[in-house]
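Let's take a walk through this one together. Keep the viewer open and follow along as we go.

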Amino acid sequence: RGTATPFSEDRAVTTTLDIGRFSLAWLGPILREQEIARIGGEINANATLSLALKPAPAGALVGYDGKLEVRDFTLGMPAADVRHVTVGWDGKLGFSDGAIDADGSLNVDQLELTLPGAGMQIDQREMSWRGAIARSGGPEPLLKVKGTLAAAELALAGGGEKRLTLAHLL
């Protein structure tokens, strides 16, 4: 379901994206050639997706407005091992000619990340970020970040038995 304006000067299409429990497991055989031994989880999304083709110099504009969740995500590869994390985004994203605009909230729950090459283990029970990010395009991009980060029970371990645990971070 959506709308399109194919013959105007500004060609555009807008559609509703509704994905429920889309499994990532089918990617496993395809990604094995890329040294990805394991991938799993499921995607849920409910959003409006838009694409507009504007005359030069504006170019293509891509927009996403809504929710996106990757639940119980796992990824196994030589450089990193991720186990059973849930990542959720609720907000707006915009991409155009190297520029990125994001305004919304990002939530990460139950992150278990191992970086074998660095000898590091990161465990994060809960983290949330709410705010806006803007990256300008062009030869000298500028990044602006404004928001609030909250985290609970972050544990870092590496190099033997060294371990740092933070109960709350605001």
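**A walk through the strands**

Leu 51 is partly exposed, at 35% relative accessible area, where buried means under 20%, exposed over 50%, and partly exposed anything in between (1.4 Å probe, protein chains only). You'll find Leu 51 in strand E3. Before going on, note that this is a predicted model, with local features requiring pLDDT of at least 70 and side-chain atom pairs counted only at pLDDT 80 or more, while totals for chains, interfaces and linings use all residues. Residues are numbered from 1 along each chain as its sequence is written, and side-chain values use heavy atoms, leaving out hydrogens and water.

Now zoom out. The protein chain has one helix and nine strands; these are DSSP runs numbered from the N terminus, with helices (H or I) needing at least four residues and strands (E) at least two. Starting from the N terminus, the order is β-β-α-β-β-β-β-β-β-β. Of the 170 residues in the protein chain, 26% are buried. As for contacts (heavy atoms within 4.5 Å), take those between residues at least 6 apart in sequence: 45% of them join residues at least 24 apart. The protein chain exposes about 11,100 Å², and 61% of that comes from carbon and sulfur atoms; accessible areas here are Shrake-Rupley values with a 1.4 Å probe, and for residues only the protein chains shown count as cover.

Next, the inside. A nonpolar core here is a set of buried Ala, Val, Leu, Ile, Met, Phe, Trp, Tyr and Cys residues joined through side-chain atoms within 4.5 Å. The largest one has 15 residues, and those touching the most other members are Ile 39, Phe 73, Leu 75, Val 82, Val 85, Leu 111 and Leu 113. Strands E3 (38-53), E4 (60-76), E5 (81-96) and E6 (99-115) are the elements that give two or more residues to this core, and E6 gives the most, with three residues.

E3 gives the most to the patch, with three residues.

On to the charges. Side chains of opposite charge can pair when their charged atoms come close. The rule for a salt bridge is a side-chain nitrogen of Lys or Arg within 4 Å of a carboxyl oxygen of Asp or Glu, and by that rule the count is seven. One of them joins Glu 42 and Arg 21, whose closest N and O atoms are 3.5 Å apart. Glu 42 lies in strand E3 and Arg 21 in strand E2, so this pair ties together parts that are 21 residues apart in sequence. Which partner is buried and which is exposed? Glu 42 is buried, at 18% relative accessible area, whereas Arg 21 is exposed, at 63%. Arg 21 also has a positive phi of about 55° although it is not a glycine. Another non-glycine residue with positive phi is Glu 35, near 65°; Glu 35 sits in the loop between helix H1 (28-31) and E3.

Asp 81 in strand E5 is worth a stop too. Asp 81 counts as buried, at 15% relative accessibility, and its side chain forms a salt bridge with that of Arg 83 (3.0 Å, N to O). The side chain of Asp 81 also makes a polar contact with the side chain of Arg 38, at 2.5 Å. A polar contact is a pair of N or O atoms within 3.5 Å; within protein, one must be able to donate a hydrogen and the other to accept it, and residues adjacent in sequence count only if both atoms are side-chain atoms. Arg 38, Asp 81 and Arg 83 are linked in a network of salt bridges.

Last stop: Asp 103 and Arg 130 form a salt bridge, with their closest N and O atoms 3.5 Å apart. Asp 103 lies in strand E6 and Arg 130 in strand E7 (residues 120-135), so the pair ties together parts that are 27 residues apart in sequence.
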